[in-house]
Each structure stands twice: as C-alpha cells, then as structure tokens.
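Notebook open, viewer loaded. I'm jotting down what I looked up, spot by spot.

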Amino acid sequence: VLAGGRILEEQYWNGGSPTSTQDIASCQKSIVSTLIGCAVDRQLLSIDDPASKYLPPGWTNATPEEEAAITIRQLLSMTSGLDQQTLKLVAPPGTKWQYNTTAYQKLRTVIEKAASGEIQPITREWLFDPIGVSDLSAWLPREGNGPFALDATGARLWALAMTARDMARVGLLVQRKGRWGDRVVVPETWFAQALVPSQKMNNHYGFLWWLVNDQPPIPSDTVAALGALDQKIYVCPSLDAVVTRQGAAAGQATEAGSGFDLEVLSRLVAARR
C-alpha cells in the first residue's frame with residue numbers, strides 16, 4: 001500500500017518477500033496498453049491500423065477478409081469480435097465487448113513488429129528502466145501445450161513475472177499521468193484515452209484497464225489492472241494511493257475482477273478518510 005508515493009504498509013506471507021516474483025496474469029494487459037501508448041508516441045503505429053499490418057496471415061482462425069478488418073484499437077478495447085477459445089469471428093469487429101485474453105496476446109507481437117525488436121528489451125527501454133523496475137521483473141513464454149500456454153492457432157502465450165514493488169511503480173506512473181520525476185515516460189494524452197470507456201458496451205473498460213466509475217464509495221477516478229487469482233494493481237489518484245496484491249486467489253478464482261476488489265478499495269477509502 002502506497003500513499004503519497006511512499007510505502008505505507010507492506011506484508012508478505014508463506015515465504016514471500018520484496019524480491020519474490022509472480023506471473024501477474026492479466027495485469028500484464030495494462031502494461032501492454034502502456035507500451036502501445038509509447039509506440040504511438042514514437043510514431044511506430046496508429047491504434048486504428050489493422051492488426052494484420054503487423055501480424056502474419058493466420059493470426060486468427062477467421063477468414064482473411066475478417067482478419068484484415070480487426071484493428072489495434074479493437075484488440076485494446078476487447079471488441080475484436082473473436083471468440084477466445086477458437087479465435088474465429090463471432091461478431092463484427094467493434095460491435096461486441098467480450099473479454100478475450102488470447103486475442104489480446106497478439107498485441108505483444110504487434111509491438112515487436114512495429115519496433116523491430118523483442119518484448120523484453122522493448123519493455124525495459126521504454127518503460128521499466130525509466131521508472132526503476134528491477135531486473136527481477138521479466139517476460140517469459142508460458143510452458144506446456146495447454147490452453148494457458150497455446151492459443152487456437154498454436155501461437156505461444158506469454159507471461160509477465162513481477163515483484164509487488166515493481167507493480168507499484170507501474171501504478172505510480174499511471175497516477176502521475178506518465179511522468180517520472182522530470183521525465184515524460186508516457187504522454188499524458190495516452191492515459192486520457194486509455195483510462196476512459198473505450199467503447200459503448202462496457203463503461204468499466206478502457207484500453208486494457210478496468211475503470212471504477214460508478215461504484216460509490218470508491219472514487220470515480222480509480223483504475224485497476226486485474227489479473228486471474230487476484231493479481232492486482234489499484235490506482236486511486238484522488239486518494240493519492242496505489243495498492244498492489246499478488247499470490248493465490250483471496251476467494252473466488254476469477255479471470256480478472258473479483259469480490260476482493262470492492263472489499264479492499266472500500267477499506268482503503270475508509271482508511272484515508
């Protein structure tokens with residue numbers, strides 16, 4: 001728990017420590033969103049580009065014509081129209097919101113192609129090194145052949161392992177609207193797009209960030225990176241607070257949001273009053 005940019009409370013259990021890393025699951029989505037913002041700032045891509053401009057034919061199981069119609073914006077906003085299990089088109093792009101991890105994972109390759117590099121050094125140069133993320137935090141391909149390791153096209157899915165403190169640095173960057181000290185790491189204009197509803201079907205979702213915009217008493221400017229089994233980064237600018245959490249599920253074993261969110265955020269509000 002950070003307040004005013006400083007650690008207010010920090011606890012670990014079951015052998016955990018400040019140097020422990022864990023696969024942060026879908027919290028990585030919000031970090032990839034931030035990397036897309038960096039790529040836009042570097043004029044390497046536009047979010048309205050077709051994803052196929054940066055991906056090889058057959059990156060989905062849709063027809064070539066259907067595949068070509070999907071944009072980076074739609075991957076960012078979960079409106080690609082693709083089915084998560086099959087990666088076949090089940091709705092016209094931009095018309096249906098559906099949480100889709102396997103479609104999202106294509107954005108890593110988009111970034112690599114646009115920047116002519118690999119995701120780990122790109123992430124370090126653009127984001128992690130400027131904000132002081134430790135070398136313990138790193139991308140790695142998921143092992144095995146199951147649905148959490150390969151998508152329906154056979155493409156390998158990737159994990160991002162981080163320490164809780166490193167997750168908090170990402171939260172602080174977002175709270176500071178992309179600035180780290182005197183340096184602009186990510187343009188404020190990116191967060192102005194990423195942290196508001198990105199489509200009309202789900203007003204709690206931006207560009208790979210969850211939005212808490214109508215759940216009193218939680219401040220309406222609260223945003224979150226939410227991962228399976230309660231991996232969390234909460235950013236509450238009006239409370240000047242950032243909270244991270246990782247480990248086994250606190251209760252429900254969900255893919256992203258859970259009852260833990262309202263519980264911890266309500267307690268944070270009460271503590272800051």
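**Gly154**

I started at Gly154, which is partly exposed because its relative accessibility is 46%. My scale: buried is under 20% relative accessible area, exposed is over 50%, and partly exposed is in between, with a 1.4 Å probe and protein chains only. Gly154 sits in the loop between strand 4 and strand 5 (158-162). Helices (H or I, at least four residues) and strands (E, at least two) are DSSP runs numbered from the N terminus. I also checked Gly154 against Trp59: they are 95 residues apart along the chain, yet their C-alpha atoms are separated by 9.4 Å.

Ground rules before going on. This is a predicted model, so local features need pLDDT of at least 70 and side-chain atom pairs count only at pLDDT 80 or more, while totals for chains, interfaces and linings use all residues. Residues are numbered from 1 along each chain as its sequence is written, and side-chain values use heavy atoms, with hydrogens and water left out.

**Val1**

Next I went to Val1, in the segment before strand 1 (2-3). Val1 counts as partly exposed because its relative accessibility is 33%. What does Val1 touch, not counting residues up to four places away in sequence? I found Arg6, Ile7, Leu8, Glu9, Val242, Val243 and Leu268, taking contact as heavy atoms within 4.5 Å. Val1 and Gly94 are 93 residues apart along the chain, and I get 37 Å between their C-alpha atoms.

**Ser137 and helix 6**

Is Ser137 buried or exposed? Ser137 is buried, because its relative accessible area is 0%. I located Ser137 in the loop between helix 6 (119-131) and strand 4 (138-141). Its side chain makes a polar contact of 2.6 Å with the side chain of Asp166. By polar contact I mean a pair of N or O atoms within 3.5 Å; within protein, one must be able to donate a hydrogen and the other to accept it, and residues adjacent in sequence count only if both atoms are side-chain atoms. Leaving aside neighbours within four places in sequence, the contacts of Ser137 include Gln120, Arg124 and Phe128, along with Ala161 and Met162.

Then I looked over helix 6 itself. Its 13 residues reach 17 Å from first C-alpha to last, close to the 18 Å expected at 1.5 Å a residue; the expected span is 1.5 Å times one less than the number of residues. Where does helix 6 bend? I put the bend at Glu125, about 50 degrees, as the angle between axes fitted to the seven residues ending there and the seven starting there. Among the buried residues of helix 6 are Arg124, Trp126, Leu127 and Phe128. Gly132 follows helix 6 with a positive phi, near 80 degrees.

**Thr102**

Thr102 is in helix 4, and it counts as buried because its relative accessibility is 7%. Beyond four places in sequence, Thr102 touches Gln84, Leu87, Asp151 and Leu157.

Met78 lies in the loop between helix 3 (72-76) and helix 4 (101-104), and it is buried because its relative accessible area is 3%. Met78 also lines the largest cavity, as do Leu75, Asn100 and Ala103, among others. That cavity holds about 30 Å³ of space.

For cavities and pockets I used a 1 Å grid over the protein atoms alone: a cavity is a set of points where a 1.4 Å probe fits but cannot get out, a pocket is an open set with protein on both sides within 12 Å along at least five of seven lines, and lining residues have an atom within 4 Å of a point. Points join across faces, edges and corners, and volume is the space filled by probe spheres set on them.

**Largest pocket**

I get a volume of about 810 Å³ for the largest pocket. Of its 27 lining residues, the closest to the centre are Gln11, Tyr12, Ala164, Thr244 and Arg245. Which helix gives the most to the lining? Helix 7 does, with five residues.
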